[in-house]
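Open the model in your viewer and keep the selection tool at hand.

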Amino acid sequence: QLMALEIRDKLGDKKEIIGSLNALGNAHTELGQYTEAMSYFLKALKLAESTGDLIDLASLYNNIGRLHNLRLDNKNALDCYRKALEYNLKSGNRKWIATNLNNIGTIYDKKGDTLSALDHYRKALQVREDIGDRSGISSSLLNIGGIHLQYRQYKTALPYYERSLAI
């Protein structure tokens with residue numbers, strides 16, 4: 001990716017540079033190198049803000065949110081996931097709208113706000129059902145079942161788990 005970045009930089013292709021920086025940020029995230037990852041994401045974000053590309057902005061805010069989530073920084077993760085959702089709503093990218101809703105739900109769940117988590121998981125499920133995202137539907141069903149399981153509502157949780165398994 002570094003060679004590709006150098007070539008794209010020489011060509012001045014901002015969209016491709018953003019893609020390379022984002023990919024490098026993701027690679028460093030997977031390696032647990034969070035400081036390096038954030039550096040790449042912020043460089044990409046600065047470029048994306050100059051282009052106004054909604055999809056790039058949404059992707060970068062989602063990835064930065066994920067990085068904050070991995071760092072156990074729920075407040076900043078939530079802020080970034082909300083920004084990603086805002087850009088995805090503007091672009092109409094329904095698959096990523098559902099992903100952002102799910103991510104927001106996960107942060108609320110981690111914070112102990114299970115009612116907000118459940119609300120976001122249900123919204124994500126609705127979008128995923130609307131677009132036929134079977135894998136996403138399964139994930140949302142597991143998340144909803146998990147909330148009910150936390151409250152020992154086993155009979156309520158069970159159908160969500162069964163539906164998820166059937167997919």
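Start with α2 and α4, which are roughly parallel to each other (an angle under 35 degrees). Select residues 14–30 for helix α2 and residues 54–70 for helix α4: they pack at an angle of about 15°, with axes 11 Å apart. Axes here are lines fitted to C-alpha atoms over the stretch in contact, and angles run from 0 to 180 degrees between N-to-C directions. Helices are DSSP runs (H or I, at least four residues), numbered from the N terminus.

This is a predicted model, in which local features need pLDDT of at least 70 and side-chain atom pairs count only at pLDDT 80 or more, while totals for chains, interfaces and linings use all residues. Residues are numbered from 1 along each chain as its sequence is written, and side-chain values use heavy atoms, with hydrogens and water left out.

Next, show the side chains between the two helices. On the α2 side, select K15, I18, N22, N26, T29 and E30; they meet D56, S59, L60, N63, R66, L67 and L70 in α4 (contact means heavy atoms within 4.5 Å).

The axes of α3 and α4 come within 10 Å and cross at roughly 160°. That makes α3 roughly antiparallel to α4 (an angle over 145 degrees).

Which residues make this contact? From α3, select Y34, A37, M38, F41, L42, A44, L45, A48 and E49; from α4, D56, L57, L60, Y61, N63, I64, L67, H68 and L70.

Notes
Parallel < 35°, antiparallel > 145°, perpendicular 65-115°, else oblique.
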